[in-house]
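Dear colleague,

Please find the structure below, handed over for your reference.

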Amino acid sequence: MTKQDKENLKNKKITDSLLISCLAACDPVISKNAYLEKKWCHDYKDYGGYYATRLEWMGYRKKLRSLLLPIYSMKLIIQMTKSCKDKATQKEVIEVISLVDKGDYQLV
């Protein structure tokens with residue numbers, strides 16, 4: 001995430017580049033939890049919470065994409081996400097999601 005994106009996040013302003021960097025951070029979390037869920041699926045006690053975590057982050061990804069869909073096609077969103085070099089941290093993704101859930105943000 002760039003310095004400008006961090007500054008925008010502090011000011012509750014959400015930009016396209018901020019959303020893309022958050023999406024780029026979601027994909028590895030989803031993939032890792034899907035892998036661990038499948039790896040430990042023979043142990044039906046808990047899965048270590050991998051299933052719940054994967055679904056939670058898939059929900060985050062859906063919310064972030066829904067903000068970009070009026071402007072970009074899904075194909076373009078996926079391409080931009082894959083080519084993103086400045087990924088956000090998981091903490092920053094959760095901050096953005098909390099702003100979106102509260103409706104306390106401004107799209108720039």
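I begin with one residue. Because its relative accessible area is 19%, Arg61 is buried; here buried means under 20% relative accessible area, exposed over 50%, and partly exposed in between (1.4 Å probe, protein chains only).

Please note that this is a predicted model, in which local features need pLDDT of at least 70 and side-chain atom pairs count only at pLDDT 80 or more, while totals for chains, interfaces and linings use all residues. Residues are numbered from 1 along each chain as its sequence is written, and side-chain values use heavy atoms, with hydrogens and water left out.

Salt bridges

Arg61 forms a salt bridge with Asp27, and the closest N and O atoms are 3.3 Å apart. A salt bridge is a side-chain nitrogen of Lys or Arg within 4 Å of a carboxyl oxygen of Asp or Glu. Asp27 lies in helix H2 (residues 16–39) and Arg61 in helix H3, so the pair ties together parts that are 34 residues apart in sequence. Helices (H or I, at least four residues) and strands (E, at least two) are DSSP runs, numbered from the N terminus. Asp27 counts as partly exposed, because its relative accessibility is 25%.

In the whole structure, 4 salt bridges are found. Another of them joins Arg54 and Glu37, with the closest N and O atoms 2.8 Å apart. This pair links distant parts of the chain, Arg54 being in helix H3 and Glu37 in helix H2, 17 residues apart. Both Arg54 and Glu37 are buried.

The side chains of Asp104 and Lys12 also meet in a salt bridge (2.6 Å, N to O). Asp104 lies in the loop between helix H5 (90–102) and strand E2 (106–107), and Lys12 in the loop between H1 and strand E1 (13–14), so the pair ties together parts that are 92 residues apart in sequence. Asp104 is partly exposed at 33% relative accessibility, and Lys12 is partly exposed at 35%.

The protein as a whole

The protein has 5 helices and 2 strands, which follow the pattern α-β-α-α-α-α-β along the sequence. Its C-alpha trace spans about 45 × 30 × 25 Å along the principal axes. Of the 108 residues, 35% are buried. Among contacts (heavy atoms within 4.5 Å) with a separation of 6 or more, 76% are between residues 24 or more positions apart.

Buried residues in the helices

Leu64 lies in helix H3 and is buried, with a relative accessible area of 1%. Not counting residues up to four places away in sequence, Leu64 touches Leu19, Cys22, Leu23, Cys26, Val96 and Ile97. The C-alpha atoms of Leu64 and Ile77 are separated by 10 Å, and these residues are 13 apart along the chain.

Thr81 is placed in helix H4 and counts as buried at 7% relative accessibility. With residues up to four places away in sequence left out, Thr81 touches Ile20, Leu23, Ala24 and Asp27.

Asn8 lies in helix H1 (residues 3–10) and counts as buried at 11% relative accessibility. Beyond four places away in sequence, Asn8 touches Lys13 and Thr15.

Yours sincerely
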